[in-house]
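Here is a colleague's note for your first pass through this structure. Please keep the sequence and the model open while you read.

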Amino acid sequence: SKNNSTDFLSGKGSDSQEIVPYSRPNCKNPELKPEPSKELNKCEGLKLSEIASNIDEQFIEIINSGEKTVITTGCKLRVGDSGVRENIGDIELKPGEFLTIKIKNTKLKLPKTKGKVYLLDEVGSEIDVAEYNNMPKGASWSFVDDEWTRTFAITEGSANIFKEYPDCQNGYERNVLGRCVKIVTPLAESPCP
């Protein structure tokens with residue numbers, strides 16, 4: 001009747017109906033087996049590869065370092081201890097293949113000069129972590145030759161390369177001390193008078 005004050009009164013009035021509580025059907029059919037619980041993705045083989053935090057188009061790069069193809073369903077990124085997590089999506093990564101996550105397309109905030117990036121599996125367990133600090137403009141924090149290092153070679157979507165210094169501006173070259181110095185052009189030889 002949609003009138004709560006009368007619908008739920010017990011045993012008053014002659015038109016009250018007894019409501020039988022819902023009970024689950026008793027399934028005794030041997031052919032029906034319970035559905036196996038879906039296995040959670042451990043995101044095995046995925047590793048952080050490059051964190052480009054102090055460039056105009058920030059990104060985080062992941063590599064499948066394993067020997068099997070990995071589907072990234074449920075795998076996540078987290079920056080710092082903010083608790084904000086970004087699902088990587090449903091992407092198939094073959095062994096050795098890179099995946100670039102553009103920060104502008106996520107809800108993550110990547111600090112330019114100092115931060116910590118976590119790669120998480122579907123449950124939220126940590127798979128990989130990388131911490132960077134004192135990151136100069138135009139450099140990335142990259143995994144090169146089995147160790148994390150700062151490099152001025154931004155290698156989005158490809159193998160990381162170590163480059164100690166940024167390029168010098170036009171008309172300058174880097175000397176043995178690592179400084180940019182003006183390129184000296186030798187004077188043209190002219191015959192003596």
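1. Start with one term. Two strands pair if DSSP finds at least two bridges between them. With that in hand, look for the open sheet of four strands, ordered E5-E4-E8-E9, with antiparallel pairing. Its edge strands are E5 (85-87) and E9 (126-132), and each of these pairs on one side only. From one strand to the next, the twist averages 20°.

2. Remember that this is a predicted model. The protein has an average pLDDT of 85, and 79% of the residues score at least 70.

3. Now go through the strand pairs. Strand E4 covers residues 76-79 and runs antiparallel to E5, with three bridges joining the two. Take Lys76 as an example: its bridge partner in E5 is Asn87.

4. How many bridges join E8 to E9? There are six, and these two strands run antiparallel. E8 spans residues 115-120. Lys116 has Glu131 as its bridge partner in E9. The hairpin of E8 and E9 has five residues between the strands. Gly124, in this hairpin, takes a positive phi near 105°.

5. Next, the sulfurs. The count comes to two disulfides. Number the bonded cysteines along the chain, and the pattern is 1-2, 3-4.

6. Cys43 has a relative accessible area of 0%, so it is buried. Cys75 is also at 0% relative accessibility, so it counts as buried.

7. The other disulfide to find joins Cys168 to Cys180, again with 2.0 Å from S to S. The torsion about the S-S bond is -85°, and the link is left-handed. This pair, too, links distant parts of the chain, 12 residues apart. Cys168 is in the loop between strand E11 (147-151) and strand E12 (172-174). Cys180 is in strand E13, residues 180-182. Cys180 has 35% relative accessibility, so it counts as partly exposed.

8. Check some backbone angles. Most residues other than glycine have a negative phi, and most peptide bonds are trans. Cys43 has a positive phi of about 55°, although it is not a glycine. Asn134 is not a glycine either, and has a positive phi of about 50°. Asn134 lies in the loop between E9 and strand E10 (140-144). With a relative accessible area of 62%, Asn134 is exposed.

9. Look closely at Asn160, in the loop between E11 and E12. Its relative accessible area is 14%, so Asn160 is buried. What does the Asn160 side chain reach at 3.1 Å? The backbone oxygen of Phe143. A polar contact of 2.8 Å also joins the side chains of Asn160 and Thr155. Leave out residues up to four places away in sequence, and Asn160 touches Ser49, Glu50, Glu61, Ser142, Phe143, Val144 and Thr155.

10. Finish with Ala153, which is found in the loop between E11 and E12. Its relative accessible area is 13%, so Ala153 is buried. Ala153 and Ser140 are 13 residues apart in sequence, and 7.5 Å apart in space, C-alpha to C-alpha. Not counting residues up to four places away in sequence, Ala153 touches Glu50, Ser140, Ile161 and Lys163. Glu50 is among the residues touched by Ala153, and it is among those touched by Asn160.

Key:
Residues numbered from 1 in each chain as written. Predicted model: local features only at pLDDT ≥ 70, side-chain atom pairs only at ≥ 80, totals over all residues. Heavy atoms only, no water. Axes fitted to C-alpha atoms, helices over the stretch in contact; angles between N-to-C directions. Disulfide = S-S within 2.5 Å. Buried < 20%, exposed > 50% of the residue type's maximum accessible area, 1.4 Å probe, protein only. Polar contact = N/O pair within 3.5 Å; in protein donor to acceptor, adjacent residues only side chain to side chain. Contact = heavy atoms within 4.5 Å. pLDDT = per-residue confidence, 0-100.
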